Amino acid sequence: MRGPRRRLPALPALLWLALAPLPGPAARAELRVRVRLPGGQVAEESLHADSGADCISLELREADGALVTLTADFRQEVKIFRALILGELERGQSQFQALCFITRLHRNEIIPSESMAKLRQKNPRTVRQAEEVRGLEHLSMDVAVNFSKGAQLSSHIHNVCAEAKEAIYTREEDVKFWLEKGVDGSMFEVLPQTSDLPDLQRCKLCADRWKPCICSYSLNIEWYPCMLKYCKTRDAGGKVSSYKCGIRSCQKGYTFDYYVPQKQLCLWDEET
């Protein structure tokens with residue numbers, strides 16, 4: 001056993017400490033990781049794990065100043081993206097605009113909460129870069145979610161989406177999955193689409209700031225632990241076994257399309 005354990009320091013600087021588990025049946029932990037943004041800037045990403053509630057969250061301020069939060073609720077199979085976008089005061093917007101996008105959380109998209117709670121860094125000053133870049137996901141968010149009833153879908157919606165009460169969106173295909181699990185369908189409202197309103201344009205093509213249109217918003221999760229790594233060890237009798245010894249990191253981008261009642265709520269989506 002001792003031979004393989006001595007090789008642990010050669011693993012990536014961010015480790016899953018199987019040898020030093022956190023106390024108690026459930027654990028909460030926070031990890032701050034320095035990541036490099038597409039423009040070359042270095043930002044700090046905050047990762048939180050709560051194995052008792054079986055959820056994780058990460059938060060990152062993007063290069064344009066937007067604060068992006070991803071919450072993964074493993075128990076309810078729900079993933080919540082929240083963006084706090086700086087408003088354009090000179091164009092009549094409020095100080096910031098909040099959006100929430102809710103999708104189904106698939107297993108193996110991200111490491112389990114109990115594993116996340118045990119992550120530690122050898123060198124916190126290291127600037128991380130994802131080992132794997134996963135493909136851009138383009139999602140049509142064609143359903144609105146009623147904030148006051150959202151706790152039935154995930155208890156985290158009440159806190160995460162509090163600033164975005166009138167701007168919480170999901171997809172019809174994900175709604176079907178949740179309805180089959182017994183979620184109350186009255187919290188969902190199908191939004192107008194181009195097939196319903198022939199004159200409905202994409203916001204970037206719409207000249208009138210007060211007309212409804214289809215807005216597009218993009219965000220990036222620059223670094224997150226997407227898979228566990230396993231190492232092998234051999235006992236005195238020659239039997240080989242595996243143990244968790246690290247993580248694989250990923251980067252992924254998302255683009256969300258959704259209906260807005262006026263282009264004034266989507267001023268970032270314009271032709272350049």
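Which residue takes a positive phi in the hairpin of E4 and E5? I looked it up in the model, which is a predicted one.

**Entry 1: the hairpins**

I found that glycine 65 takes the positive phi, near 95°. Five residues lie between the strands of that hairpin. I then noted how E4 pairs with strand E5 (residues 67-73): the two are antiparallel and share seven bridges. I picked out cysteine 55, whose bridge partner in E5 is aspartate 73.

Next I went back to strand E3 (residues 42-50). E3 is joined to strand E4 (residues 55-61) by five bridges, and this pair also runs antiparallel. I took serine 46 as an example and found its bridge partner in E4 to be glutamate 59. E3 and E4 form a hairpin too, with four residues between them. In its turn I found aspartate 54 with a positive phi of about 55°.

**Entry 2: the cores**

I looked up the largest nonpolar core and found 56 residues in it. Phe101, Tyr169, Tyr217, Ile221 and Tyr258 have the most contacts inside this core. Strand E15 (residues 213-234) gives the most to it, namely ten residues. I also noted a second, separate core of 22 residues, with Leu67, Cys161, Ile168 and Phe177 among them.

I listed what phenylalanine 101 touches, leaving out residues up to four places away in sequence. Among them are Lys79, Met141, Tyr169, Tyr217 and Tyr258.

**Entry 3: helix H4**

Which residues of H4 are buried? I found Asp174, Val175, Phe177 and Trp178. Seen down the helix axis, these buried residues fall within an arc of 160°, so they line one face of H4. The general rule I wrote beside this is that an α-helix has 3.6 residues a turn, so residues three or four places apart point the same way. On the other side of H4, I found Glu173, Lys176 and Glu180 exposed.

I checked what covers the buried residues of H4, and the cover includes strand E6 (78-86), strand E7 (96-104) and strand E12 (168-170). After H4 comes glycine 182, which has a positive phi near 100°.

**Entry 4: tryptophan 178**

I placed tryptophan 178 in helix H4 (residues 172-180). Tryptophan 178 counts as buried because its relative accessibility is 0%, and the cut-off is under 20%. Not counting residues up to four places away in sequence, tryptophan 178 touches residues including Gln76, Val78, Ile102, Leu153 and Phe188. Arginine 104 is also on the list of contacts. I noted that tryptophan 178 and arginine 104 are 74 residues apart in sequence, with their C-alpha atoms 8.3 Å apart in space.

Terms used. Residues numbered from 1 in each chain as written. Predicted model: local features only at pLDDT ≥ 70, side-chain atom pairs only at ≥ 80, totals over all residues. Heavy atoms only, no water. Pairing = 2+ DSSP bridges. Core = buried A, V, L, I, M, F, W, Y, C linked by side-chain atoms within 4.5 Å. Buried < 20%, exposed > 50% of the residue type's maximum accessible area, 1.4 Å probe, protein only. Contact = heavy atoms within 4.5 Å. Arc of directions from axis to C-beta.
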